[in-house]
Amino acid sequence: MEQAVGQGLEASQVIALGDGANDIPMLKAAGTGVAYHAKPAAIAAADAHIAHGDWTALLHTLGIARGDWSE
């Protein structure tokens, strides 16, 4: 979250993506925490989780067109 604050963002403007217990503080601090193919503790701490596919599922969910993805 320090990076987000340094960029002038509020926690509510941040989406964090994590998979393990070490990511729980980040998932909880972010406006939206997303567990990605995660351990049960991370899933419980997150607002949402991705269990299938890759992380681009999050981009689809956010409505970001494939043509706008950076390589």
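Predicted model: local features only at pLDDT ≥ 70, side-chain atom pairs only at ≥ 80, totals over all residues.
Residues are numbered from 1 along each chain as its sequence is written, and side-chain values use heavy atoms, with hydrogens and water left out.

The secondary structure of the protein comprises 4 helices and 3 strands, where helices (H or I, at least four residues) and strands (E, at least two) are DSSP runs numbered from the N terminus. Along the sequence these elements follow the pattern α-β-α-β-α-β-α. The C-alpha atoms fill a box of roughly 35 × 30 × 20 Å along the principal axes, and 30% of the 71 residues are buried, a term that denotes under 20% relative accessible area, with exposed meaning over 50% and partly exposed lying in between (1.4 Å probe, protein chains only).

The strands form an open sheet of 3 strands in the order β1-β2-β3 with parallel pairing, two strands being counted as paired if DSSP finds at least two bridges between them. Because β1 and β3 (48-50) stand at the edges with a single partner strand each, one side of each is left without a neighbour in the sheet. Strand β1 (residues 15-18) is joined to β2 (residues 32-36) by 4 bridges, and Leu17 stands opposite Val34 in β2. From β1 the chain crosses through helix α2 (residues 24-29) to β2 in a right-handed β-α-β crossover, which is to say that, with the strands pointing away from the viewer, the path from the first strand over the helix to the second runs clockwise. Strands β2 and β3 are joined by 3 bridges, with Ala35 standing opposite His49 in β3.

In a regular strand the side chains alternate between the two faces of the sheet.

Asp23, in the loop between β1 and α2, is buried yet has no salt bridge, and the nearest side chain of opposite charge, that of Lys39, is 10 Å away; a salt bridge would require a side-chain nitrogen of Lys or Arg within 4 Å of a carboxyl oxygen of Asp or Glu. For charge, Lys and Arg count as positive and Asp and Glu as negative, while His and the chain ends are not counted. The side chain of Asp23 does, however, reach the backbone nitrogen of Asp19 at 2.9 Å. Thr56, found in helix α4 (residues 56-61), counts as buried at 14% relative accessibility.

Technical notes:
Polar contact = N/O pair within 3.5 Å; in protein donor to acceptor, adjacent residues only side chain to side chain.
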